[in-house]
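Subject: Structure handover, with notes

Dear colleague,

Please find below the structure I promised to pass on, together with its sequence.

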Amino acid sequence: MKKENHKEISSDEKVQKKFDKESYFYIPVQCCPDRYPSPNLPSPTSCLPQEDLERVLEKIRAANELLLDLALGEERLPDETYQKVFDGLIGLRVEITALSGETCEGKVSLSGYDFVVLRNEEKVFIYPYSQIDIVKPFGRFADPYDDPELREIDPCFRRELTFNFGDVVSSSPELIHLFFKMRLNIYLLVYEEKHIQVQIDGQTIEGQMKKVDKESISLEVAEQLTTISIDKIKLFTLNN
């Protein structure tokens with residue numbers, strides 16, 4: 001009985017046969033030349049100084065995130081949409097067109113839960129989001145507000161904030177806004193005893209704000225107290 005010569009088939013030959021059946025373009029790995037790195041020639045990405053370039057790129061990233069967030073948020077409530085819009089416009093001069101058709105121009109200083117605050121050289125304007133029709137930015141670059149950062153707070157205050165969060169935050173409008181965003185009726189408490197103008201359906205009422213409730217404010221007009229529902233007010237105006 002003759003012994004048959006058995007030849008072991010290498011793994012490369014097995015792969016070769018497999019690829020011969022499936023493709024006519026099989027090339028063994030050992031036949032591929034090494035790929036040498038292409039030369040990298042340095043070239044400037046911008047004529048701006050590095051510091052200015054980083055600031056511009058950060059603005060571009062923030063704008064892209066805002067646009068993406070708005071595009072994906074089809075079920076977003078109007079107040080939440082305006083929060084995102086005005087958060088990206090802090091420090092910029094904008095023009096707001098109200099539903100009534102009137103326009104107002106100023107720098108965005110605060111983006112609240114359901115309102116925005118604009119400031120110019122003479123006036124402070126408080127717009128409920130529900131009264132805004134169009135927002136147009138005017139400035140190219142924002143002027144940052146020098147607000148203190150939370151990571152730089154005093155160690156004693158940090159401890160109080162950590163262990164008594166509810167009591168500490170609820171006692172400060174600034175902290176309420178920082179953590180939760182203030183609603184309009186809470187923000188108006190800052191202006192109690194201040195002289196203020198409010199617009200209601202084309203009518204302007206001017207007086208000293210004596211009281212702010214959850215749903216209304218009370219103005220002293222000609223020594224008489226006038227109560228006005230907040231949801232009827234189109235615009236609040238104060239002297240800066």
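Two strands are taken as paired if DSSP finds at least two bridges between them, and the elements themselves are DSSP runs numbered from the N terminus, with helices being H or I of at least four residues and strands being E of at least two. In that sense strand β4 (residues 123–128) and strand β10 (residues 235–239) run antiparallel and are joined by four bridges, with Lys123 standing opposite Asn239 in β10.

Before going further, please note that this is a predicted model, in which local features need pLDDT of at least 70 and side-chain atom pairs count only at pLDDT 80 or more, while totals for chains, interfaces and linings use all residues. Residues are numbered from 1 along each chain as its sequence is written, and side-chain values use heavy atoms, with hydrogens and water left out.

Confidence

The pLDDT (the predictor's confidence in each residue, from 0 to 100) averages 77 over the protein chain, and 69% of the residues score at least 70. Confidence is highest in β4, at 94, and lowest in helix α1 (residues 11–22), at a mean of 53. Where pLDDT is low, the predicted coordinates should not be read in detail.

Fold

The protein chain comes to seven helices and ten strands. The ten strands form an open sheet with antiparallel pairing, in the order β5-β1-β2-β3-β4-β10-β6-β7-β8-β9. Because β5 (132–137) and β9 (224–229) stand at the edges, each with a single partner strand, one side of each is left without a neighbour in the sheet. Of the contacts in the protein chain with a separation of 6 or more, 48% are accounted for by residues 24 or more positions apart.

Cores

A nonpolar core is here a set of buried Ala, Val, Leu, Ile, Met, Phe, Trp, Tyr and Cys residues joined through side-chain atoms within 4.5 Å. The largest has 29 residues, of which Ile126, Leu188, Val198, Ile217 and Phe236 touch the most other members. Leaving aside neighbours within four places in sequence, Ile126 is in contact with residues including Val117, Leu184, Tyr187, Tyr191 and Phe236. Apart from that core lies another, of 16 residues, among them Val94, Cys104, Leu118 and Ile132.

Aromatic pairs

The structure holds five aromatic pairs, where rings of Phe, Tyr and Trp (its six-membered ring) pair if their centres lie within 6.5 Å, and planes under 30 degrees apart count as stacked, over 60 as edge-to-face and the rest as tilted. The ring centres of Tyr82 and Phe86 are 6.1 Å apart and their planes stand at 25°, so this pair is stacked. Both residues lie in helix α3 (residues 78–87), and being four residues apart they are separated by about one helical turn. Tyr82 counts as buried at 19% relative accessibility, as does Phe86 at 0%. Tyr187 and Tyr191 form an edge-to-face pair, with 5.5 Å centre to centre and 70° between the planes; Tyr187 is buried at 6% and Tyr191 at 11%.

With best wishes

Methods:
Buried < 20%, exposed > 50% of the residue type's maximum accessible area, 1.4 Å probe, protein only. Contact = heavy atoms within 4.5 Å.
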